[in-house]
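Welcome! Let us take a walk through this structure together, beginning with the place where chains touch and moving on to what lies inside.

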Amino acid sequence: MKYILKRITRLIARVFSPLSDRVKDFSKLEKMMQNLPAVSLQKEEKNALKEKILARIKVQAQETRQEESSYQGLIARIAKIAAEIHPNEYFRILLKERLVVLASMPRRFKGRFLNNLVLRKAAATFALVLLFVGTVFHFFGNDVPRVEASALTLLEEVSGEVTVIRESQEIKGIANFTLKADDVIRTGKNSRASIRFMDESVSRLAPNTEVKISTLFVNPLNKSETTVEVVLNYGRLWSRVINLIDGFSSFQVKTKNTVAVAKKKAAFDVSVSPKGKAKVVAVQNRVDLMVAVDKKVVETTLMKGFSAEVKTTVSQAPAIRPASEDSQKDEWVSENLEQDKVYIEAVKQEAGKTLSQTEASTPFTVGLSLDEKDRQMQLLEASRAKIAEAQKALTQGDAVRARALLAEFQSQVSGVASWVKTFAATNPAEAAPLRGRIDALLGEYEKQLALILPTDQLYLMKDAVAQTKVLIAENPLEKTEKQLSAATDKLLEAHDLVEQGETEAAQQNLEEYRKTTSGILEDMKELSADDKEKAVTILLENQVEDLKSLRAITAPLAPLPAESSSALFPPPPVAEGPQTIPEETEKTLEGSPPVLSSVSSEELEQSLEDVKKETLQTMGQTVLEAQQETPSVGLLKTLEEVTNVDVNGKQLINVTLTRYQVFVRSDGTIVSVVPVPVTVPTGSSSTTLPTTSSETREAPPPQP
Amino acid sequence: MEDEAKQKHALIERLVSSSQNGQPDAFGKLYELFVTPIYRYMYYRVGREDAEDLTELVFLKTWENIHQYEKRQSSFSAWIFRIAHNVVVDHYRSHQTNGVLDENIEDIRREASATERIHRRLDREMLHTAMKGLKEHYRQVLILKYINGLSNEEIGNIMGKSQAALRILQFRALRTLRRMLQEQGVSEEDL
């Protein structure tokens with residue numbers, strides 16, 4: 001204790017002791033230090049040290065610079081590698097779109113929204129609840145039964161002994177048995193079978209017949225694009241193709257060295273005798289025929305009412321002749337024509353049900369779309385509702401409402417197509433499947449409505465779908481293609497109308513065909529040089545097919561008696577089902593002789609002839625204009641192919657070119673097209689410009 | 001070259017001004033000018049997996065705050081890269097990485113120091129791996145300078161350093177990078 005007190009006392013004394021006392025402690029030290037001798041460099045030493053330091057710095061700087069320059073290679077390599085780094089294209093574009101949309105939103109709301117985590121969480125929860133409720137209603141709230149067209153190939157009707165051979169196993173054929181590619185179907189004596197294909201074509205096997213289904217193809221992205229190939233090993237096969245839509249779709253029946261190909265619509269009979277001789281008869285419309293002869297393929301088109309016989313030896317060309325009277329009275333043919341009528345009506349009714357019960361996206365599901373792409377596809381699906389409502393309106397007789405709904409359908413689909421086109425400008429890979437979906441939707445409706453004719457109530461819908469296809473064309477060339485396709489369909493409808501005795505409606509169709517074609521020619525003048533050439537190629541190919549279609553349209557020469565046994569001119573079908581039938585048609589349905597409309601057969605034939613001449617004139621004008629502008633190799637090839645087209649074993653068209661004139665000959669009609677100078681006043685002088693005009697001559701009758 | 005740089009700078013400032021006035025298209029154009037550099041920045045700072053997400057975040061934040069940008073304080077390039085830098089820092093924090101050296105990354109220096117050295121050509125993966133091994137501020141300066149091509153002034157604004165300090169930093173970063181690449185067996189010509 002004493003020691004501690006002592007220490008404290010000393011400390012206090014020290015603290016409060018005067019400064020001078022403390023300083024005194026260091027003064028001795030200071031004196032000592034002040035008395036130390038001063039040390040300094042001499043001037044020379046200073047300079048030497050300075051030089052040494054400067055030299056050192058200089059060397060270091062040089063080394064640094066050298067080192068820095070030695071990095072140039074590395075720097076360049078880094079820059080080169082880095083330049084290869086790019087964000088994923090899809091990510092880049094998607095992010096841009098999101099940012100642009102974000103930038104378009106009102107800032108105050110955005111800022112509040114982005115910054116407020118609670119608000120964001122609440123919004124996310126609300127969205128999830130909406131999604132859940134929507135899903136529940138979607139799956140459990142809709143109890144409308146769906147009618148779907150079968151996408152299967154079925155053994156539809158079976159009579160007697162029918163066997164299906166699959167992977168070498170024999171299976172008893174029964175009705176509604178699902179068939180697959182590579183299946184072989186065999187009918188025994190006094191047995192028959194019918195096959196309904198997934199493209200809605202039907203084939204019927206006569207007794208003692210064997211066929212193999214070699215191809216059943218449906219494009220998964222566009223179900224209206226189909227290919228069916230059937231091989232007839234022996235026997236007899238009737239085939240009816242009713243509504244192939246897509247240009248790539250086809251139905252083929254093959255024998256050993258013959259292929260009969262039907263596109264769009266046709267009815268034909270193929271038989272193979274025990275000796276292997278094949279015979280193809282075109283009963284309605286036309287069939288393209290390819291025959292292997294001497295290691296080459298002979299191609300021709302077999303028109304309605306003509307047959308082709310092909311022998312087993314490959315060195316002989318097919319013998320083509322008009323179908324004999326025997327084949328007209330052939331029971332097999334007449335029975336199948338009768339069954340076809342029933343089948344076609346059934347398909348029409350199925351299509352009608354499908355149209356009226358189509359499921360479409362609701363505004364609710366559209367609103368729940370995840371992004372703009374998804375929203376547009378939902379809008380596309382939502383347009384189906386317009387079609388379904390339009391169909392209902394038409395069956396109720398409300399054409400005004402139906403037109404309005406169809407206009408909305410067109411507007412909606414073309415809106416989506418327009419968005420896809422804009423999207424494609426920056427993201428073509430993403431846009432292609434979206435465009436495919438639009439085409440698939442329209443293809444689906446086109447197929448369902450293919451059997452509808454201008455005399456049917458639902459024709460407005462068919463017309464609206466065709467117009468929509470033209471409307472959404474992505475470029476002038478595609479528009480030309482679609483218009484030509486629509487024009488060709490008018491001719492096919494005219495064919496069916498004539499078959500039904502509706503000559504006035506058929507003539508109206510011919511008129512519309514003429515208008516559409518002349519409109520296309522005018523539009524083609526606005527195309528660029530490259531597009532014009534492509535359009536010319538497409539036009540020529542279409543015109544060739546149209547000439548064939550015109551040939552296939554045969555006006556009945558006289559009113560058909562009710563008990564007519566002519567299988568080639570069947571009476572109009574009896575319609576059944578919910579659709580309201582126009583009054584004029586009802587009169588013909590009661591079994592009385594069909595009453596021809598006010599247009600006589602002679603008038604109709606004259607119309608057909610006029611359309612044919614105009615078609616030839618169009619071809620001539622097209623060829624002349626193409627020739628004047630130095631046609632490319634591709635176009636010349638097309639011209640050559642066009643002139644090599646064979647119908648019933650004979651050349652369809654003959655084209656003779658001179659420098660300023662072209663002659664087009666077909667079936668006894670010659671058309672010449674020459675440029676006609678037109679004077680155009682330009683100020684004080686006139687300028688003469690060449691245009692084209694045409695002159696039609698009838699060919700002299702053939703000399704015996 | 002200098003004229004081009006000036007013109008580009010003037011264009012950027014015009015677009016920024018339009019964006020501040022609420023024009024979405026102008027912001028879209030700004031996006032097009034900067035998306036690749038920002039993406040590259042993110043690619044080398046955080047890796048390929050997160051680069052897209054963070055790039056998106058950078059632009060969202062840029063739009064959010066564009067009205068706060070003032071020309072006199074710094075160039076727009078520096079400003080947007082500053083945002084990118086902050087996004088990376090936040091990313092590291094939330095993923096609890098310090099961005100210095102990922103211990104899970106295989107130390108290829110040990111592998112390359114084996115008796116057999118293969119003189120390999122510098123490629124993207126090797127550069128990426130070597131960059132990952134650098135200290136954060138070395139990596140950042142190399143990315144901004146040699147990958148994004150920013151000026152020292154802009155980099156100084158982004159990193160908050162003087163230009164003199166920046167020069168030294170760049171030099172040291174290059175030296176370290178080269179040493180790491182040599183240890184990986186990169187060929188002399190590439191170095």
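## Where the two chains meet

In this predicted model, the contact draws 34 residues from chain A and 37 residues from chain B. Together, chain A and chain B bury about 3500 Å², and 64% of that area is on carbon and sulfur atoms. Which elements of chain A give two or more residues to the side that touches chain B? They are α3 (43–70), α4 (72–83), α5 (89–104) and α6 (107–115) of chain A. The largest share comes from α5(A), with eleven residues.

How many salt bridges does the rule find across the interface of chain A and chain B? The count is zero. Polar contacts do turn up, with four residue pairs between chain A and chain B, both residues at pLDDT 80 or more.

## Two nonpolar cores

Now look at the largest nonpolar core, which has 70 residues. The members that touch the most other members are B:Met42, B:Tyr44, B:Phe76 and B:Leu177. Helix α2 (residues 24–46) of chain B gives the most to this core, namely 13 residues.

Setting aside its neighbours within four places in sequence, B:Leu177 is in contact with A:Leu74 and A:Ile78 from chain A. Within chain B, the contacts of B:Leu177 are B:Leu127, B:Ala130, B:Met131, B:Leu134 and B:Leu142. There is also a second, separate core of 45 residues, and among its members are A:Ala494, A:Ala506, A:Ile520 and A:Leu604.

## Salt bridges within chain A

Side chains of opposite charge can pair when their charged atoms come close. Over all chains, the structure holds 40 salt bridges. One of them joins the side chains of A:Glu156 and A:Arg196, at 3.8 Å from N to O. A:Glu156 sits in strand β1 (residues 153–159) of chain A and A:Arg196 in strand β6 (residues 192–196) of chain A, so this pair ties together parts that are 40 residues apart in sequence. Are these two partners buried or exposed? A:Glu156 is partly exposed, with a relative accessible area of 22%, whereas A:Arg196 is buried at 11%.

Another pair to find is A:Lys469 with A:Glu446, whose closest N and O atoms are 2.6 Å apart. A:Glu446 counts as buried because its relative accessibility is 15%, and the cut-off for buried is under 20%.

## A linked network

A:Arg286 forms a salt bridge with A:Glu545, and here the closest N and O atoms are 2.8 Å apart. How many residues apart in sequence are the parts that this pair ties together? The answer is 259, because A:Arg286 lies in strand β13 (residues 278–293) of chain A and A:Glu545 in helix α18 (residues 529–552) of chain A. A:Arg286 is buried, with a relative accessible area of 14%, while A:Glu545 is partly exposed at 29%.

Salt bridges that share partners join A:Arg286, A:Asp288, A:Glu545 and A:Lys548 into one network.

Note on methods: Residues numbered from 1 in each chain as written. Chains lettered and ligands numbered in written order. Heavy atoms only, no water. Contact = heavy atoms within 4.5 Å. Buried area = accessible area lost by both parts, 1.4 Å probe. Salt bridge = Lys/Arg side-chain N within 4 Å of Asp/Glu carboxyl O. Polar contact = N/O pair within 3.5 Å; in protein donor to acceptor, adjacent residues only side chain to side chain. Helix = DSSP H or I, 4+ residues; strand = E, 2+ residues; numbered from the N terminus. Core = buried A, V, L, I, M, F, W, Y, C linked by side-chain atoms within 4.5 Å. Buried < 20%, exposed > 50% of the residue type's maximum accessible area, 1.4 Å probe, protein only.
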